[in-house]
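Subject: Structure handover

Hello,

Here is the structure you asked for. My notes follow below it.

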Amino acid sequence: MKIPRFTPIHARCIVLFNLVSLATEAADSHYDATWMSLDKRVVPNWYDEAKFGIFIHWGVYSVPSTMSEWFWWEWQGAIPPSKTAVEFMDNNFSPKMTYQDFGPMFTAEFYDPVEWAKLFSASGAKYVVLTSKHHEGFTLWPSANSFGWNAMDVGPKRDLVGDLAEAIRKNPDIRFGLYHSMFEWFNPLFLEDKRTDFRTQKFVNSKTFPELIDIVKRYRPSVIWSDGTRYGNSDYWKSKEFLAWLYNESPVKHEVAVNDRWGNETSCRHGGYFTCSDRFNPGTLLHHKWENCFTIDRKSWGFRRDMLMKDVVSIEDLLKQLVTTVSCGGNFLLNVGPAHDGTIRPIFQERLLQMGEWLKINGDAIYGTKPWIYQNDTLTPDIWYTQKNGVVYGIVLSWPVRDSVITFGSICGQGKCGGVEVRMLGTDGQPLRYEVDIYGHLKVQPLPLSYQTSKWAWTYVFTGLQQIVEGDNEVRLNRFSCVRSTMLFQWHVIVFVMTSSRLSYSDYYLETYRKGLKDHKYEPTWESLDRRPTPPWYDEAKFGIFLHWGVYSVPSATSAWMWWYWKGPKPQNATVEYMEKNFKPGMTYQNFGPMFTAEFYDPVEWAKLFNASGAKYVVLTSKHHEGFTLWPSANSFGWNAMDVGPKRDLVGDLAVAIRNTTNLRFGLYHSLFEWFNPLYLEDKKSHFKTQTFVDTKTYPELIDIVQRYKPSIIWSDGDWEAKDDYWKSKEFLAWLFNESPVKDEVATNDRWGAGTTCKHGGYHTCSDKYNPGVLQSHKWENCLTVDRRAWGFRRTLRVEEVLTIQELIEQLVSTVSCGGNMLLNVGPAHDGTIRPIFQERLLQMGEWLKINGEAIYGTKPWIYQNDTLTPGIWYTQKDGMVYGILLKWPAKDSPVTFGSILGQRKNMGLIVRMLGSDGDLSWEVDEVGRLKVSPLPLSYQRSNWAWTFVFTGLRVPAEEENEVAQLL
């Protein structure tokens with residue numbers, strides 16, 4: 001969507017507000033094929049009232065899915081060609097590869113237009129614009145003028161445009177529109193016209209013009225969004241002739257809205273509403289209806305596999321774009337780029353649903369509004385105005401520090417505020433208190449942040465306001481102030497600190513560990529091995545990252561168990577059908593191996609992400625049950641990442657990156673068994689009386705990864721079909737603890753054979769997603785995954801299947817309170833990318849731990865794990881302090897009752913504060929001796945989700961603390 005940069009036409013300082021006529025066009029209106037005539041047509045009323053739409057860039061460019069939708073041009077059109085594009089093609093494809101070869105890979109196998117329509121409806125959008133054809137020339141409908149280069153002939157073999165049009169129109173609140181590129185980079189007919197300086201029109205007559213007529217007649221779009229007119233003027237493109245037909249004769253002549261990209265001289269001058277340039281947002285009122293087309297991915301309109309979280313526009317910035325646009329008379333068209341398989345990835349889903357969440361509360365201030373006499377406030381930054389039906393809306397993008405008074409400098413000019421009432425959308429609707437200062441500024445006391453249902457931007461409603469300038473249509477223009485708003489959420493963590501002279505948990509573990517190491521010789525028996533304590537570093541770490549990555553990330557349709565679901569003894573119908581529909585007969589799982597490419601794998605970037613998450617250790621799957629090893633195992637010849645696919649040591653590269661750039665510990669997961677390995681199946685037939693598979697595969701590979709990579713964790717799995725004697729687990733652990741290069745630091749889990757889980761080995765995992773909710777007598781770990789349904793990467797992942805940050809923090813807090821560690825899994829894609837929704841969750845964890853980590857790292861369980869009275873409070877302790885972590889903020893900043901902290905006289909020296917804020921808190925003891933603490937208001941908090949209270953000076957009965965110590 002690149003077009004030349006044009007100088008926007010700005011309105012003068014005071015102008016007559018001349019946006020769109022709200023009157024319906026006369027039925028007998030006729031337009032000549034001249035700009036003088038065509039420009040008299042007003043933009044349809046529905047479009048001006050809609051305010052918010054969804055843009056969809058989808059095409060063959062979503063197959064290479066790197067750089068942008070301009071990839072083909074960057075590769076073979078730009079002078080000089082892009083070095084990045086050329087290297088990408090050279091490194092990943094054969095020398096004879098053409099762009100057209102990507103066509104059959106544009107498969108759309110997961111395309112569900114009904115689900116798309118539901119998502120767009122939930123976003124609050126009122127219209128949708130789909131790219132029917134981009135500059136590559138590939139049409140998403142069966143165009144007769146694009147034979148062999150359309151979605152019916154190549155790739156999906158279906159009418160993608162028609163399917164979405166039908167799905168959208170089932171929802172009466174959304175209109176369907178189409179984008180269409182006039183030119184095509186490499187079409188021979190266009191290039192021939194170009195060589196004549198556009199004196200010939202072969203391309204227009206045989207391609208562009210008939211295709212425009214076709215999509216209008218076939219799909220009756222409410223929007224025609226033209227593009228690709230940087231070459232040739234509107235006479236060459238026959239734009240005036242087409243628009244005259246569109247307005248006079250077409251089946252959508254009364255409702256259709258069009259933009260301004262109809263020739264290299266028309267942008268911001270002729271046509272319908274103005275777009276002027278991509279991401280056009282002048283910040284001032286314009287004399288003509290306009291649109292801000294904007295994309296969630298800062299660097300691309302089409303889908304990019306290598307998009308990082310820093311490239312994703314935040315919901316705060318999206319709302320700022322929406323609000324500033326509407327305040328200045330524009331519409332906001334927000335773009336998402338679907339993947340080649342027809343999925344809209346979760347990070348885009350999340351942003352659209354967040355938009356819908358905000359509009360559900362604040363939509364009155366957006367839909368059907370018009371600009372007020374002021375666009376943004378004359379005094380306070382980040383306040384923008386709209387109006388409708390005599391009501392003025394002031395939208396505040398940044399919440400005032402500590403719920404302080406908000407000054408509206410534009411509301412009471414000349415002191416005319418008599419009879420004004422002020423309310424807020426998303427609250428109980430009661431009028432707010434305000435006063436007018438000596439300068440005529442309106443000062444409003446907002447309801448505290450904890451009273452608000454809106455999470456990001458907040459709308460004030462002014463009724464009874466007098467007009468303060470002469471003339472109802474006169475407006476004042478204010479320059480756009482680029483101040484970023486701050487995201488505020490409704491979850492917090494409260495920390496209580498309590499003092500004690502007891503031995504610290506870390507000291508206790510270190511002392512116990514050193515005692516265990518004195519008897520450094522461990523026998524290959526559970527009685528001996530189980531005496532080895534868990535290393536202190538592991539207990540203090542509390543939080544780690546799990547990575548499930550392997551060949552299963554290529555089909556990425558179900559989970560890491562895809563091969564088993566397809567070829568196991570009880571195949572799953574859905575998996576079998578997926579393979580039959582999308583792959584030729586004779587396809588084997590091993591054929592996926594070369595597709596496991598890891599071309600975007602950047603272990604240093606991974607290491608930086610894990611470090612930013614607040615994790616203290618990382619565990620990578622060296623081999624899952626499929627048997628494919630991520631390192632060059634000599635015992636997995638031809639079925640490892642050095643021989644097949646990436647052609648590199650994926651394990652070694654990450655180990656080096658982790659150790660060179662962070663202080664995190666590096667660990668390895670290893671599956672003992674392999675579903676279809678013939679040696680394993682042979683042992684299984686003998687009821688595990690033979691150990692050929694163990695002797696030639698499992699055991700030597702375990703020794704190899706320890707000696708080669710020196711992991712701080714060995715996370716064993718795949719053990720449940722045979723006893724530990726078959727796996728030689730005790731022999732391996734004895735070697736690991738006695739002789740290996742990591743004998744003094746390595747931590748292990750409990751999956752070493754049928755019957756060992758939750759009984760023998762190192763820390764207990766017991767089962768996946770194990771979280772007992774009560775204190776355990778043995779160190780344990782809760783391994784869970786951000787994707788609720790799978791450990792490996794899934795292309796079909798929906799945002800509602802992604803654990804929220806609130807849920808993840810609840811898991812962490814409840815786990816640590818009960819003495820466990822949390823190991824949080826993400827599944828990288830086959831290309832080596834960690835998708836943005838996973839990046840976001842990890843970065844949110846890091847954001848929370850940066851404030852509240854004191855209540856997590858190095859702590860031990862307190863005498864109570866969760867509160868005896870108030871749900872959602874969990875306790876930890878460290879160095880004489882007790883931390884109470886509150887998962888849900890109290891309504892209206894009301895006092896928090898801590899049922900487990902008794903307020904006897906012996907605790908009169910108690911001091912309570914909160915992590916992330918300053919000062920001591922006030923507290924009192926109720927009639928039954930329970931502690932009631934008045935928290936600082938929500939707007940004072942730095943933590944966005946859970947909040948930590950710290951208790952210092954708390955005295956605990958010795959018998960209760962001894963009971964916990966004995967259990968530990």
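Angles run from 0 to 180 degrees between N-to-C directions, and axes are lines fitted to C-alpha atoms, for helices over the stretch in contact. Helices (H or I, at least four residues) and strands (E, at least two) are DSSP runs, numbered from the N terminus.

Some ground rules. This is a predicted model, in which local features need pLDDT of at least 70 and side-chain atom pairs count only at pLDDT 80 or more, while totals for chains, interfaces and linings use all residues. Residues are numbered from 1 along each chain as its sequence is written, and side-chain values use heavy atoms, with hydrogens and water left out.

Strand 2 (residues 52-56) and strand 8 (residues 330-336) pair in the parallel sense over 5 bridges. Ile 54 stands opposite Leu 334 in strand 8. Touching means contact, with heavy atoms within 4.5 Å.

A second open sheet has 4 strands in the order 9-10-15-12, with antiparallel pairing. Strand 9 (383-388) and strand 12 (421-424) are at the edges. Each has a single partner strand, so one side of each lacks a neighbour in the sheet. Neighbouring strands here are turned by 25 degrees against each other on average, direction ignored.

Strand 9 pairs with strand 10 (residues 391-396) in the antiparallel sense over 6 bridges. The bridge partner of Thr 386 in strand 10 is Tyr 393. Helix 11 (residues 315-327) packs on the sheet and touches strand 9 and strand 10. The direction of helix 11 makes about 50 degrees with that of strand 9.

**Helix pairs**

Two packed helices are described by the angle between their axes and the distance between the axes.

Helix 8 (residues 202-219) and helix 10 (residues 239-248) pack at about 15 degrees, with axes 11 Å apart. That makes helix 8 roughly parallel to helix 10. Helix 8 contributes Phe 209, Leu 212, Ile 213, Val 216 and Lys 217 to the contact; helix 10 contributes Glu 241, Phe 242, Trp 245 and Leu 246. These residues divide into 7 nonpolar, no polar and 2 charged. Ala, Val, Leu, Ile, Met, Phe, Trp, Tyr, Cys and Pro count as nonpolar, Asp, Glu, Lys and Arg as charged, and the others, Gly among them, as polar.

Helix 21 (residues 692-709) and helix 23 (residues 729-738) have axes that come within 11 Å and cross at roughly 15 degrees. The two are therefore roughly parallel to each other. Their crossing is right-handed. Tyr 699, Leu 702, Ile 703, Val 706 and Gln 707 in helix 21 meet Glu 731, Phe 732, Trp 735 and Leu 736 in helix 23. This contact has 7 nonpolar, 1 polar and 1 charged.

**Local backbone points**

Most residues other than glycine have a negative phi, and most peptide bonds are trans.

- The peptide bond from Ile 79 to Pro 80 is cis, with omega near -5 degrees. Pro 80 is in the loop between helix 3 (71-76) and helix 4 (83-92).
- Lys 157 has a positive phi, near 60 degrees. Lys 157 sits in the loop between strand 3 and helix 6 (160-169).
- Arg 279 has a positive phi, near 60 degrees. Arg 279 sits in the loop between strand 6 and strand 7.

Best wishes

Key:
Parallel < 35°, antiparallel > 145°, perpendicular 65-115°, else oblique. Left-handed = near helix turned anticlockwise from the far one by under 90°. Pairing = 2+ DSSP bridges.
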